[in-house]
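Q: Got a model I'd like to go through with you. Can you take my questions one at a time?

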Amino acid sequence: MAHKAAPEPAARDWTDGHVERWLPVLPGLDPDIEGAVTRMKKLTVYLRRIREQSLIDFDLERPEFDTLHKLAGRGGRATPSELAADLDLAPASVTGRLGGLEGRGLIRRTPSKEDRRRVDVELTKSGRSIWLGAMDVLGHEEYRLLGVLSKDERAQLSDMLRRIMLVAEEGGGASWR
(Lines give C-alpha, C1' and ligand atoms only; values in the text may rest on other atoms or scores of the structure.)
Protein backbone atom coordinates (compact mmCIF):
# COMPACT_ATOMS: atom_id res chain seq x y z
CA MET A 1 0.00 0.00 0.00
CA ALA A 2 1.43 3.39 -1.05
CA HIS A 3 2.02 5.87 1.70
CA LYS A 4 0.54 9.31 1.06
CA ALA A 5 2.91 12.16 1.78
CA ALA A 6 1.68 14.96 3.98
CA PRO A 7 0.67 18.02 1.97
CA GLU A 8 3.33 20.70 1.60
CA PRO A 9 2.75 23.62 3.95
CA ALA A 10 1.72 26.81 2.18
CA ALA A 11 4.52 29.29 1.55
CA ARG A 12 4.78 31.89 4.27
CA ASP A 13 5.15 35.62 3.88
CA TRP A 14 6.08 38.41 6.30
CA THR A 15 2.43 38.87 7.31
CA ASP A 16 2.16 35.29 8.64
CA GLY A 17 4.80 36.11 11.25
CA HIS A 18 3.12 39.45 12.00
CA VAL A 19 -0.22 37.74 12.69
CA GLU A 20 1.43 35.08 14.86
CA ARG A 21 3.13 37.79 16.97
CA TRP A 22 -0.15 39.63 17.56
CA LEU A 23 -2.43 36.66 18.32
CA PRO A 24 -1.17 36.21 21.92
CA VAL A 25 -1.37 39.96 22.50
CA LEU A 26 -4.89 40.32 21.06
CA PRO A 27 -6.63 36.95 21.58
CA GLY A 28 -9.82 38.15 19.83
CA LEU A 29 -7.90 39.03 16.66
CA ASP A 30 -9.28 37.37 13.54
CA PRO A 31 -6.11 36.16 11.78
CA ASP A 32 -7.76 36.18 8.35
CA ILE A 33 -8.94 39.79 8.68
CA GLU A 34 -5.59 40.93 10.09
CA GLY A 35 -3.74 39.02 7.37
CA ALA A 36 -5.88 40.40 4.55
CA VAL A 37 -5.76 44.02 5.75
CA THR A 38 -2.02 43.88 6.44
CA ARG A 39 -1.32 42.38 3.01
CA MET A 40 -3.49 45.02 1.28
CA LYS A 41 -1.61 47.77 3.14
CA LYS A 42 1.80 46.32 2.29
CA LEU A 43 0.82 45.84 -1.38
CA THR A 44 -0.42 49.44 -1.53
CA VAL A 45 2.88 50.72 -0.13
CA TYR A 46 4.85 48.47 -2.49
CA LEU A 47 2.91 49.62 -5.58
CA ARG A 48 3.20 53.27 -4.48
CA ARG A 49 7.00 52.84 -4.35
CA ILE A 50 7.01 51.33 -7.85
CA ARG A 51 4.89 54.24 -9.11
CA GLU A 52 7.10 56.84 -7.45
CA GLN A 53 10.23 55.22 -8.90
CA SER A 54 8.65 55.24 -12.37
CA LEU A 55 7.99 58.98 -11.97
CA ILE A 56 11.65 59.51 -11.10
CA ASP A 57 12.71 57.38 -14.07
CA PHE A 58 10.54 59.47 -16.41
CA ASP A 59 11.50 62.79 -14.77
CA LEU A 60 7.94 63.57 -13.70
CA GLU A 61 6.69 65.16 -10.52
CA ARG A 62 3.53 63.63 -9.07
CA PRO A 63 1.35 66.67 -9.98
CA GLU A 64 2.70 66.58 -13.56
CA PHE A 65 1.87 62.90 -13.90
CA ASP A 66 -1.59 63.42 -12.42
CA THR A 67 -2.29 66.19 -14.93
CA LEU A 68 -1.06 64.12 -17.88
CA HIS A 69 -3.09 61.17 -16.58
CA LYS A 70 -6.33 63.15 -16.35
CA LEU A 71 -5.70 64.65 -19.78
CA ALA A 72 -5.05 61.21 -21.27
CA GLY A 73 -8.24 59.97 -19.61
CA ARG A 74 -10.16 62.56 -21.61
CA GLY A 75 -8.75 61.28 -24.88
CA GLY A 76 -5.75 63.59 -24.77
CA ARG A 77 -7.75 66.83 -25.05
CA ALA A 78 -9.55 68.95 -22.43
CA THR A 79 -10.14 72.49 -21.26
CA PRO A 80 -8.29 73.84 -18.22
CA SER A 81 -11.58 73.99 -16.30
CA GLU A 82 -12.28 70.30 -17.06
CA LEU A 83 -8.80 69.41 -15.82
CA ALA A 84 -9.30 71.55 -12.71
CA ALA A 85 -12.51 69.66 -11.93
CA ASP A 86 -10.87 66.28 -12.61
CA LEU A 87 -7.92 67.15 -10.37
CA ASP A 88 -10.11 68.82 -7.72
CA LEU A 89 -8.02 71.98 -7.97
CA ALA A 90 -8.63 75.68 -8.42
CA PRO A 91 -8.31 76.75 -12.08
CA ALA A 92 -5.33 78.99 -11.21
CA SER A 93 -3.45 75.97 -9.85
CA VAL A 94 -4.01 74.09 -13.10
CA THR A 95 -2.78 77.06 -15.13
CA GLY A 96 0.57 76.89 -13.33
CA ARG A 97 0.86 73.17 -13.95
CA LEU A 98 0.01 73.56 -17.61
CA GLY A 99 2.71 76.18 -18.04
CA GLY A 100 5.38 73.82 -16.77
CA LEU A 101 4.13 70.91 -18.88
CA GLU A 102 3.94 73.10 -21.96
CA GLY A 103 7.46 74.36 -21.34
CA ARG A 104 8.67 70.75 -21.35
CA GLY A 105 6.79 70.01 -24.59
CA LEU A 106 4.42 67.50 -22.94
CA ILE A 107 1.23 69.42 -23.69
CA ARG A 108 0.14 72.17 -26.06
CA ARG A 109 -2.40 74.91 -25.41
CA THR A 110 -4.29 76.24 -28.41
CA PRO A 111 -7.25 78.59 -28.86
CA SER A 112 -10.49 76.64 -29.04
CA LYS A 113 -12.00 76.25 -32.48
CA GLU A 114 -15.51 76.50 -31.00
CA ASP A 115 -14.99 79.44 -28.62
CA ARG A 116 -12.05 81.80 -29.12
CA ARG A 117 -12.21 82.87 -25.44
CA ARG A 118 -11.41 79.31 -24.42
CA VAL A 119 -8.15 77.37 -24.57
CA ASP A 120 -7.86 73.68 -25.37
CA VAL A 121 -5.12 71.56 -23.82
CA GLU A 122 -3.83 68.50 -25.59
CA LEU A 123 -1.16 65.91 -25.00
CA THR A 124 1.76 66.08 -27.39
CA LYS A 125 3.33 62.94 -28.79
CA SER A 126 6.14 63.35 -26.25
CA GLY A 127 3.65 63.85 -23.39
CA ARG A 128 1.71 60.73 -24.34
CA SER A 129 4.93 58.74 -24.64
CA ILE A 130 6.20 59.79 -21.20
CA TRP A 131 2.79 59.20 -19.59
CA LEU A 132 2.52 55.75 -21.18
CA GLY A 133 6.06 54.88 -20.14
CA ALA A 134 5.36 55.71 -16.51
CA MET A 135 2.06 53.82 -16.68
CA ASP A 136 3.70 50.77 -18.24
CA VAL A 137 6.16 50.38 -15.36
CA LEU A 138 3.38 50.16 -12.80
CA GLY A 139 1.13 48.14 -15.10
CA HIS A 140 3.88 45.59 -15.70
CA GLU A 141 4.36 45.13 -11.96
CA GLU A 142 0.60 44.82 -11.35
CA TYR A 143 0.39 42.11 -14.01
CA ARG A 144 3.46 40.36 -12.57
CA LEU A 145 1.93 40.28 -9.09
CA LEU A 146 -1.61 39.34 -10.07
CA GLY A 147 -0.34 36.95 -12.74
CA VAL A 148 0.06 34.31 -10.02
CA LEU A 149 -3.75 34.08 -10.04
CA SER A 150 -5.83 32.51 -12.78
CA LYS A 151 -8.23 34.69 -14.77
CA ASP A 152 -11.13 33.37 -12.67
CA GLU A 153 -9.25 34.03 -9.43
CA ARG A 154 -8.49 37.62 -10.50
CA ALA A 155 -12.19 38.16 -11.26
CA GLN A 156 -13.13 36.66 -7.89
CA LEU A 157 -10.59 38.86 -6.08
CA SER A 158 -11.88 41.95 -7.87
CA ASP A 159 -15.47 41.05 -6.99
CA MET A 160 -14.60 40.48 -3.32
CA LEU A 161 -12.74 43.79 -3.10
CA ARG A 162 -15.71 45.52 -4.77
CA ARG A 163 -18.02 44.19 -2.04
CA ILE A 164 -15.64 45.53 0.61
CA MET A 165 -15.35 48.91 -1.16
CA LEU A 166 -19.12 49.27 -1.39
CA VAL A 167 -19.30 49.04 2.41
CA ALA A 168 -16.38 51.50 2.76
CA GLU A 169 -18.05 53.94 0.33
CA GLU A 170 -21.37 53.96 2.18
CA GLY A 171 -22.11 57.53 3.18
CA GLY A 172 -19.24 58.87 1.10
CA GLY A 173 -16.57 57.62 3.48
CA ALA A 174 -14.16 56.18 0.94
CA SER A 175 -15.20 57.70 -2.35
CA TRP A 176 -12.64 59.66 -4.28
CA ARG A 177 -11.78 60.69 -7.81
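Q: Is Asp159 buried, partly exposed or exposed?
A: Asp159 counts as partly exposed because its relative accessibility is 39%. Buried means under 20% relative accessible area, exposed over 50%, partly exposed in between (1.4 Å probe, protein chains only). This is a predicted model: local features need pLDDT of at least 70, side-chain atom pairs count only at pLDDT 80 or more, and totals for chains, interfaces and linings use all residues. Residues are numbered from 1 along each chain as its sequence is written, and side-chain values use heavy atoms, with hydrogens and water left out.

Q: What do the side chains of Asp159 and Arg162 meet in?
A: A salt bridge, 2.6 Å from N to O. The term means a side-chain nitrogen of Lys or Arg within 4 Å of a carboxyl oxygen of Asp or Glu. Arg162 is partly exposed, at 43% relative accessible area.

Q: Which residues do salt bridges with shared partners join into one network?
A: Arg77, Arg108, Glu114, Arg118, Asp120 and Glu122.

Q: How many salt bridges by this rule?
A: The count is 18. One of them pairs Arg39 with Asp13, the closest N and O atoms being 2.7 Å apart. Arg39 lies in helix 2 and Asp13 in the segment before helix 1 (14-22), so the pair ties together parts 26 residues apart in sequence. Helices (H or I, at least four residues) and strands (E, at least two) are DSSP runs, numbered from the N terminus.

Q: Switching topic. Which residues make the nonpolar surface patch?
A: Ile33, Val37, Met40, Leu161 and Ile164, at about 410 Å². Helix 2 (31-57) and helix 7 (151-169) each give two or more residues. Patch residues have over 30% relative accessible area and no salt bridge; like charges are joined within 9 Å, nonpolar side chains (Val, Leu, Ile, Met, Phe, Trp, Tyr) within 5 Å. Areas come from the Shrake-Rupley method with a 1.4 Å probe; for residues, only the protein chains shown count as cover.

Q: And the largest nonpolar core: how many residues?
A: It has 20 residues, and Leu60, Leu68, Leu71, Leu83 and Ile107 have the most contacts inside it. Helix 3 gives the most, 4 residues. Such a core is a set of buried Ala, Val, Leu, Ile, Met, Phe, Trp, Tyr and Cys residues joined through side-chain atoms within 4.5 Å.

Q: What does Leu71 contact, leaving aside neighbours within four places in sequence?
A: Its partners include Leu83, Ile107, Val121 and Leu123. Contact means heavy atoms within 4.5 Å.
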